[in-house]
Amino acid sequence: MLCHADLDRAAQLARHWVMHGCPVVIHVDARTAEADFAGLATALHDLPDIRFSRRSPCEWGSFGIVQATLDASARLLADFPRVSHVLLACGSCLPIRPVAALHAHLARHPDTDFIESVTTADVGWTVGGLNEERFTLRFPFSWKRQRRLFDGYVALQRALRIRRRQPDGLVPHLGSQWWCLTRRSLQAIISHPDRPRIDRYFKRVWIPDESYFQSLVRQVSSRIESRSLTLAKFDYQGRPYTFYDDHLHLLRQTDAFFARKIWPQADLLYRTFLTPDGDRALALEPNPGKINRLFAKAVERRVKGRPGLYMQSRFPIRARGGTLSAAPYGVFTGFAELFHDFQPWLARALDARVHGHLFAFDRVEFAGGESVFKGGLSDSPTLRDYNPKSFLTNLIWNTRGETQCFQFGPADAQDICSFIAGDPNATVFAISGAFAVPLWQSGRSASDVRPEAARLQKVESDFLRALNAPETKARTRIWSLTDFIENPAEPLEQLVDLLHPRAAHRATDLPQLVALHGFGTFLQDLRNQGMAPVLMGDFPSDAELARPEQTFARPKIVR
């Protein structure tokens, strides 16, 4: 057992092993306080089959871990001649099957070495980009304590094309640190005739505890089963998973003999598995791969998360893609300006929650005029603008299961535009140029509103450009004001079909269209003032609007 912390749990584990007929040699990291080591020795002094090996400093990624393993193994083989197999464990490795099951399994495979051992070309789980190079470069510096020196020396060796010479006959292999070797194989490794030169070589290999025994066993073993009896899983960043009390059901499902690493305060796990029967009778052949699918799902959840839910431990990374929000929603530009009762009509047609301008500068216009919406979202524009993306994704997350729609226009805060355009859950319906209708209705002269009209047109142009960009993932439907008023029924039916395709078949009156007589003259006055209102399309003149065939009746949508 390799131990460095939580020595009270290490004592509990060692006692469990010895009480089930397994002698134990414990190595305690030389960096562990002497008082803690003395407490461990005192706690186990009554057990005759406990030994302590010479203490070495065990820094992560260094040869000290290999040296500690070699010293403890040599002590075990020398003091306990009846031992047939040697298992390497740590102070957080919990036996999750009965020790009797392990004895039976090893008795059925007396000449088999259970150690993960694969060539560098076959390894896909290393993190950090050093597979083959860990054997061809030198690593005299600590990756954790001397990171700049570590990276600089690696870069220098690459630039100088330095390549170490490997010991004759050595084929580098990688694998899990946690193995179970036969006495014959382990003795052959310890007494290897070329071991001094091999040790010198591995002292400058990066993370040698994952390659020393894994490489040498290939020279001495008669039969290797390339798998570990210990369930040790790592996340996408190469960090080991920690098992807690609520993983009890998961650990009962795996056929591995041990699990690493167990949280020291997981009292339920220790209490459950450190029983005379190990919580269950003899099980099947160990097969840690059975729960790989579950860990793969955990990695996917950690990397991608749940759409629309951002949390401190997994902030989204743009390169990983994925949906930005939790559920589909609709964005409407220009509709509220053209119809007197658009929002109530839309709420009835879609059976949805229809908000006003959520990104208006003066306040957030929640549906029903609410000042605080679901999830504690405030109508304060200051709070919203602190992080508009999180505001919108919070709103969609808190109301999932209910379709959300809101109005958006060039008079609103525009920081959210790129997010909406890039969200596959967004469906944007835009009537370009409709922003000019409220300016016309204000009764102000064209010369007074021209600067504001020019500004709004520029803002809306940028928004439409974002919607038409190649990288846009939102669904979009864009009409010019002229095209829309020629036949408003068809676009309205489209938006109902897109946002609520399973709506009950019924006849629904259109919302009341704003009377636009005089609007054409207003646009011409803007042109006369030096502004080109291009987003409205070729809007008809007032004389054309007065023609009978140009009257805009209010037909019904028959679904």
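Let's start with the rings. The structure holds 36 aromatic pairs. Take Tyr201 and Phe202 as one of them: their ring centres sit 5.2 Å apart and their planes meet at 85 degrees, so this pair is edge-to-face. The cut-off for that label is over 60 degrees. One caution before I go on: this is a predicted model.

Now a second pair, Phe342 and Trp345. Their ring centres are 6.0 Å apart, and the planes stand at 35 degrees, so this one is tilted. The angle falls between the two limits: stacked needs under 30 degrees, edge-to-face over 60. Where do these residues sit? Both are in helix H14, which covers residues 342–350. They are 3 residues apart there, so about one helical turn separates them. Phe342 counts as buried at 1% relative accessibility. Trp345 is buried too, and its relative accessible area is 1%.

Next, a cluster. Ring pairs link Tyr329, Phe359, Phe366, Phe373, Phe391, Phe406, Phe408 and Phe463.

Two charges over rings, quickly. Arg9 lies over the face of Tyr270, 3.9 Å from the ring centre. Arg55 lies over the face of Phe37, and here the distance to the ring centre is 4.6 Å.

Now the strand. S13 spans residues 329–333 and is mostly covered. How many of its residues are buried? The count is 5 of 5. In a regular strand, side chains alternate between the two faces of the sheet. What do we find on each side of S13? Tyr329, Val331 and Thr333 are on one side, Gly330 and Phe332 on the other, and all are buried.

Which strands pair with S13? One is S17, residues 404–407. S13 and S17 run parallel, joined by 4 bridges. Within that pairing, Phe332 stands opposite Gln407. Another partner is S18, residues 426–432. That pairing is also in the parallel sense, over 5 bridges. There, Thr333 stands opposite Ala430.

Conventions:
Residues numbered from 1 in each chain as written. Predicted model: local features only at pLDDT ≥ 70, side-chain atom pairs only at ≥ 80, totals over all residues. Heavy atoms only, no water. Phe/Tyr/Trp six-rings, centres within 6.5 Å; stacked < 30°, edge-to-face > 60°. Helix = DSSP H or I, 4+ residues; strand = E, 2+ residues; numbered from the N terminus. Buried < 20%, exposed > 50% of the residue type's maximum accessible area, 1.4 Å probe, protein only. Lys NZ or Arg CZ within 6 Å of the ring centre and 35° of its normal. Pairing = 2+ DSSP bridges.
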